[in-house]
Amino acid sequence: MFANFNFENPEFFWLFLLLPIAIAWYIWKRNKQTPELKISSVKGFKATPSFLSRIKPVLFIIRLLVLSLIITALARPRTVDVSTRTSSTRGIDIVMAIDVSASMLARDFEPNRLEAVKNVAEEFIKGRPGDRIGLVVFAGESFTKTPITSDKSIVLKSLEDIEYNTMLENGTAIGSGLATSVNRLKDSKAESKVIILLTDGVNNSGFIDPHTASELAEEFGIKVYTIGVGSNGMALSPVAIMPNGRFQFGNVQVEIDEDLLKQIAAKTNGEYFRATDNQKLEQIYSQIDKLEKTEIEEFKYYNYDEKFRPLILLAGGLLLLEILLRFTLFRSFI
């Protein structure tokens with residue numbers, strides 16, 4: 001209720017310290033506020049205090065209320081309505097190219113490489129409210145899962161739906177995945193264009209050479225961050241499909257063409273990262289998030305509604321009431 005209520009000049013509340021002094025002064029002077037008559041004896045007089053004399057302190061109470069209202073008004077009570085508008089001054093268009101080949105189901109990550117990548121990518125997307133993001137998936141071939149868009153709900157839903165798909169030719173077509181990503185960004189008007197390409201293998205499929213794709217990225221001013229996913233040594237990976245349609249897993253040597261990924265990153269002024277577990281993968285996306293920051297300006301608009309006027313009007317009304325009572329009803333006691 002009072003979340004947007006404040007006082008512009010709260011220092012005036014110190015004036016309330018004068019009220020106890022005024023009360024003490026009134027009590028001390030009270031007996032001297034009426035005329036005195038000295039006589040030798042009061043036996044012939046009957047003390048009958050009138051009703052008006054008893055309620056005369058009401059005038060002082062009204063005066064205290066007037067002072068309290070004036071002090072509160074001087075503190076300028078008001079409500080504040082704050083509206084915010086953000087403006088991106090340096091937009092970034094990002095395409096996340098994710099390997100979805102069978103090897104991405106390897107269990108050296110929890111629960112597997114693909115799910116680990118999806119979980120980390122989800123947090124990365126949520127942390128980029130000012131950017132447009134698209135998704136490209138590739139195995140033996142590649143396709144656009146989501147064109148670049150500012151609607152994060154669409155991107156997140158598409159990311160959630162990514163899974164190993166037998167409809168795609170098996171293999172790892174790094175060149176095709178990169179070329180498709182470049183195609184998504186080549187007409188972008190953003191000041192910064194970025195591809196985050198993630199794979200766990202070597203280029204062994206597709207019709208586009210990765211070096212050719214990286215040259216296209218360089219030509220269109222697209223920076224490529226490459227990530228190699230996989231533990232060192234052996235990893236429990238799919239080796240065959242059983243009659244029930246499920247994968248049979250076995251220990252397989254992890255092979256990542258790190259030289260190729262480093263060359264792609266270097267040619268496009270990006271960086272290469274190696275993720276050997278879930279924590280390292282999170283750190284890599286966090287580092288990329290810091291490297292590619294969108295500059296956002298925030299504009300706040302304040303609408304103030306001053307509340308001191310009713311207090312002044314009420315104080316003025318009470319002051320007039322006190323004056324009226326003092327010179328009419330209580331006139332004989334002044």
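Colleague: Hi! How many aromatic pairs does the count come to?
Modeller: The count comes to 5 aromatic pairs, where rings of Phe, Tyr and Trp (its six-membered ring) pair if their centres lie within 6.5 Å, and planes under 30 degrees apart count as stacked, over 60 as edge-to-face and the rest as tilted. Bear in mind that this is a predicted model: local features need pLDDT of at least 70, side-chain atom pairs count only at pLDDT 80 or more, and totals for chains, interfaces and linings use all residues. Residues are numbered from 1 along each chain as its sequence is written, and side-chain values use heavy atoms, with hydrogens and water left out.

Colleague: What kind of pair do phenylalanine 124 and tyrosine 285 form?
Modeller: Their pair is edge-to-face, at 5.5 Å centre to centre and 65° between the planes. Phenylalanine 124 is in helix H4 (residues 113-126) and tyrosine 285 in helix H9 (residues 278-291), so the pair ties together parts 161 residues apart in sequence. Helices here are DSSP runs (H or I, at least four residues), as are strands (E, at least two), numbered from the N terminus.

Colleague: Is phenylalanine 124 buried or exposed?
Modeller: Phenylalanine 124 is buried, at 5% relative accessibility, and tyrosine 285 is buried too, at 3%. Buried means under 20% relative accessible area, exposed over 50%, and partly exposed in between (1.4 Å probe, protein chains only).

Colleague: And what about tyrosine 164 and phenylalanine 247?
Modeller: Those two form an edge-to-face pair as well, 5.4 Å centre to centre with 65° between the planes. Tyrosine 164 lies in the loop between helix H5 (152-161) and helix H6 (174-185), while phenylalanine 247 is in strand S9 (residues 247-253), 83 residues apart. Tyrosine 164 counts as partly exposed at 22% relative accessibility, and phenylalanine 247 also counts as partly exposed at 22%.

Colleague: Switching to strands, which way do the residues of S10 point?
Modeller: From strand S10 (residues 272-275), Tyr272 and Arg274 point one way and Phe273 and Ala275 the other, and all are buried. In a regular strand the side chains alternate between the two faces of the sheet.

Colleague: Which strand does S10 pair with?
Modeller: With strand S7 (residues 222-229), in the parallel sense over 4 bridges; two strands pair if DSSP finds at least two bridges between them. Isoleucine 227 stands opposite phenylalanine 273 in S10.

Colleague: Last one: which residues does the "transmembrane region" annotation cover?
Modeller: The unreviewed UniProt entry gives residues 12-28, 58-75 and 311-329. In the model, residues 58-75 are 94% helix and 0% strand, with end C-alpha atoms 26 Å apart.

How values were computed
UniProt positions renumbered as here; feature names shortened; annotations may be inferred.
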